[in-house]
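Trainee: I am new to this structure and would like to go through it step by step. Could we look at it together, one question at a time?

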Amino acid sequence: MSKELTNQTIPCPNSGCGGLITFNTSELFQGKEISCLKCNSVISLSDESNELVEDAFEKFEAMREKYIENKSNG
Ligand SMILES: [Zn+2]
């Protein structure tokens, strides 16, 4: 069983939607926009005011660092 580190899920920033947005971090880092399938809200890295996206990336970075550490230890 392996988890794909590149897939992240964040709650939709659109209040009233309540949907979850699943996105691929590597695609987002490449500048690709992600959108909510429920309400079509669009999120991109250029939207610096989006704290939800920042939070998701902080978690992703922490996960990635752990992953790299584990690899280099082996
Ligand atoms: Zn939405």
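Trainee: Where is the place of Ser41?

Mentor: Keep in mind from the start that this is a predicted model. Ser41 has 15 C-beta neighbours inside 10 Å and so counts as partly exposed, and, leaving aside residues up to four places away in sequence, Ser41 touches Cys12, Pro13, Asn14, Cys17, Ser35 and Cys36. Its place in the chain is the loop between S3 and S4.

Trainee: Which elements does the chain run through from the N terminus on?

Mentor: The secondary structure of the chain comes to 2 helices and 4 strands. Read from the N terminus on, these elements follow one another in the order β-β-α-β-β-α.

Trainee: In which sense do strand S1 and S2 pair?

Mentor: Strand S1 covers residues 7-11, and strand S2 covers residues 20-24. Over 5 bridges, the sense in which S1 and S2 pair is antiparallel.

Trainee: Which residues form the covered face of strand S2?

Mentor: In a regular strand the side chains alternate between the two faces of the sheet. In strand S2, the uncovered face holds Leu20, Thr22 and Asn24. The covered face is made up of Ile21 and Phe23.

Trainee: Is Ile21 buried or exposed?

Mentor: Ile21 lies in strand S2, and, leaving aside neighbours within four places in sequence, Ile21 is in contact with Thr9, Ile10, Cys12, Ile34, Cys36 and Ile43. A residue needs 20 or more other C-beta atoms within 10 Å to be called buried. Because Ile21 has 23 of them, the word for Ile21 is buried.

Trainee: Which residues belong to the largest nonpolar core?

Mentor: In soluble globular proteins, nonpolar side chains tend to be buried together. Here, Ile34 is in contact with Ile21, Phe23, Leu28 and Ile43, its neighbours within four places in sequence being left aside. The largest nonpolar core has 6 residues, namely Ile21, Phe23, Leu28, Ile34, Cys36 and Ile43.

Trainee: What percentage of the residues of the chain count as buried?

Mentor: The largest nonpolar core has 6 residues, and Ile21 is one of them. Taking the chain as a whole, with its 74 residues, the share that counts as buried is 11%.

Trainee: What distance separates the C-alpha atoms of Cys17 and Cys39?

Mentor: Cys17 lies in the loop between S1 and S2 and is partly exposed, because 15 other C-beta atoms are within 10 Å. Not counting residues up to four places away in sequence, Cys17 touches Cys12, Cys36, Lys38, Cys39 and Ser41. Cys17 and Cys39 are 22 residues apart in sequence, while in space, C-alpha to C-alpha, they are apart by 6.6 Å.

Trainee: Near what value is phi of Asn40?

Mentor: Asn40 is found in the loop between strand S3 and strand S4, and with 9 C-beta neighbours inside 10 Å, Asn40 counts as exposed. Most residues other than glycine have a negative phi. In Asn40, by contrast, phi is positive, near 70 degrees.

Trainee: What separation do the C-alpha atoms of Arg64 and Thr6 have?

Mentor: Arg64 lies in helix H2 and, with 13 C-beta neighbours inside 10 Å, counts as partly exposed. Arg64 and Thr6 are 58 residues apart along the chain, and their C-alpha atoms are separated by 9.3 Å.

Trainee: Where in the chain is confidence lowest?

Mentor: The mean pLDDT of the chain is 77, and 77% of its residues reach 70 or more. Where pLDDT is low, the predicted coordinates should not be read in detail. Confidence is highest in S3, at 87, whereas the lowest value, a mean of 74, belongs to helix H2.

Conventions: Residues numbered from 1 in each chain as written. Predicted model: local features only at pLDDT ≥ 70, side-chain atom pairs only at ≥ 80, totals over all residues. Buried ≥ 20, exposed ≤ 12 C-beta atoms within 10 Å, placed from the backbone. Pairing = 2+ DSSP bridges. Core = buried A, V, L, I, M, F, W, Y, C linked by C-beta atoms within 7 Å. Contact = placed C-beta atoms within 7 Å. pLDDT = per-residue confidence, 0-100.
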